[in-house]
Amino acid sequence: MPPGSLDHTAAHTAGYRHAAEPIGSVTDAYSGHLTPDLAVSTYRNIQRLFPSRTIAAGAAVRELPRSPRALGEISVAQGDEHYDLYDYLALNSVTGFLVLHRGEIRYETYQRGNGPDTRWMSMSVAKSVTSTLAGMAIHDGAIAEGLAARVGDYVPALAGSAYTAVTLRELLLMASGVGWNETYTDPGSDRRALLAAQLEQRPDAAMALMATLPRVAPAGTRHNYSTGETQILAEMVSRAVGRPLADYLAQKLWQPYGMEADATWWLASPRGVEIGGSGIAATLRDYARFGQFLIEGGCVAGASLLPSGWIAEATQPSVLAGGESIDYGYMWWSGWTEPSRRDRAFAARGIHGQYLYVNPRRELVIVQHAAAPKPMGRMVIEPMSLFDAIAAALASD
């Protein structure tokens with residue numbers, strides 16, 4: 001596999017204005033043990049936590065024009081309380097928030113020293129990027145079997161493991177039937193074991209961990225959220241396309257769609273495979289462009305990059321073998337409220353408050369960067385409720 005554009009110090013060499021800030025450790029981030037200021041400086045410098053590969057932007061930038069119309073008043077009811085957007089920004093530790101409506105910026109704000117040039121961590125928003133790359137690989141013919149492709153045929157390290165016969169579709173749905181504990185703050189969880197393998201930075205350490213996991217249910221019958229399975233997906237897609245995921249993303253989308261800034265992506269080992277479930281650092285506007293790409297049907301210059309029907313299938317609730325219905329598609333969340341179901345809205349979301357919300361019916365993309373004090377459960381105001389309120393406010397425009 002080509003080495004790709006490895007860069008341990010991308011921020012320093014590019015003159016990144018946040019580069020000299022102090023940062024904490026990734027273990028403290030997952031444990032929820034960072035003070036507020038240190039969390040902010042860490043989350044906008046995540047390429048310093050691990051070796052990272054650059055997702056190179058091109059020369060042409062897709063403009064995001066600013067709408068002449070303001071967003072207007074937004075109100076969210078939660079219990080007996082009502083909150084406006086300013087309450088939301090303060091109480092949810094938001095550091096960047098952008099509303100893109102019909103391709104125009106209706107609202108954009110940065111807090112805690114962030115700006116349009118700030119790269120911010122994705123956390124699990126990266127999962128939805130990785131799953132989209134899987135769709136591109138199928139469209140390109142690199143995964144000829146499509147969703148029926150088997151993990152063991154693409155990832156030799158997992159041959160003979162519980163993952164051998166798991167299909168790509170089962171992997172995308174996180175319905176492999178293989179046991180996994182995702183608890184971020186539990187040092188004994190599988191998620192923290194995967195983080196330890198990442199910290200080790202030894203080639204194949206992550207796959208060695210995944211190969212030890214036991215089967216607990218028939219494949220395809222039970223959804224169990226697993227960041228480890230996104231790392232398997234990264235291995236599968238990278239091997240299929242024969243190049244690093246960062247390079248594939250740059251070639252397929254980042255450059256031709258007109259992203260304005262280089263991004264970075266963590267690696268599982270030096271010159272190794274990208275971390276499929278986290279570790280992308282990109283600007284607020286470029287995350288919004290990614291959402292707009294999906295609003296536009298996954299097309300660049302009129303040509304689709306994804307299989308026919310992929311976006312609809314990947315972003316809506318799924319039914320597993322045996323009948324279980326889940327509000328999860330191919331590493332996208334959906335169906336959280338009646339308004340969102342009606343609009344067929346979907347979202348990528350990451351711990352500490354990262355969101356990419358896409359509402360095709362309203363032609364609406366919302367991106368949020370945040371620095372919540374704990375990985376989960378510290379959003380004072382439910383983000384999806386605010387996103388639904390914004391969608392409702394724009395419905396008559």
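Modeller: Before we start, the model is predicted, so local features need pLDDT of at least 70 and side-chain atom pairs count only at pLDDT 80 or more, while totals for chains, interfaces and linings use all residues. Residues are numbered from 1 along each chain as its sequence is written, and side-chain values use heavy atoms, with hydrogens and water left out.

Biologist: How many aromatic pairs does a search of the whole structure find?

Modeller: Rings of Phe, Tyr and Trp (its six-membered ring) pair if their centres lie within 6.5 Å, and planes under 30 degrees apart count as stacked, over 60 as edge-to-face and the rest as tilted. Here the search finds 17 such pairs. The rings of Phe97 and Phe387 have centres 6.4 Å apart and planes at 35°, so this pair is tilted. Phe97 lies in strand β4 (residues 94-101) and Phe387 in helix α15 (residues 383-393), so that the pair links parts of the chain 290 residues apart, where helices (H or I, at least four residues) and strands (E, at least two) are DSSP runs numbered from the N terminus.

Biologist: Is Phe97 buried or exposed?

Modeller: Buried means under 20% relative accessible area, exposed over 50%, and partly exposed in between (1.4 Å probe, protein chains only). Phe97 has 0% relative accessibility and therefore counts as buried, and Phe387 is buried with a relative accessible area of 0%. In another pair, Tyr328 and Trp333 have ring centres 4.7 Å apart and planes at 65°, so they are edge-to-face; Tyr328 and Trp333 are both buried.

Biologist: Which charged end sits over the ring of Trp333?

Modeller: A charge sits over a ring if NZ of Lys or CZ of Arg is within 6 Å of the ring centre and within 35 degrees of the ring normal. For Trp333 the charged end is that of Arg349, 4.0 Å from the ring centre, and the charged end of Arg119 sits over the ring of Tyr16, 4.2 Å from its centre.

Biologist: In what order do the 6 strands form the open sheet?

Modeller: Two strands pair if DSSP finds at least two bridges between them. The order is β5-β4-β16-β15-β14-β13, with antiparallel pairing, and the edge strands, each pairing on one side only, are β5 (104-110) and β13 (333-334). Strand β13 pairs with β14 (residues 346-350) over 2 bridges in the antiparallel sense, and Ser334 stands opposite Phe346 in β14.
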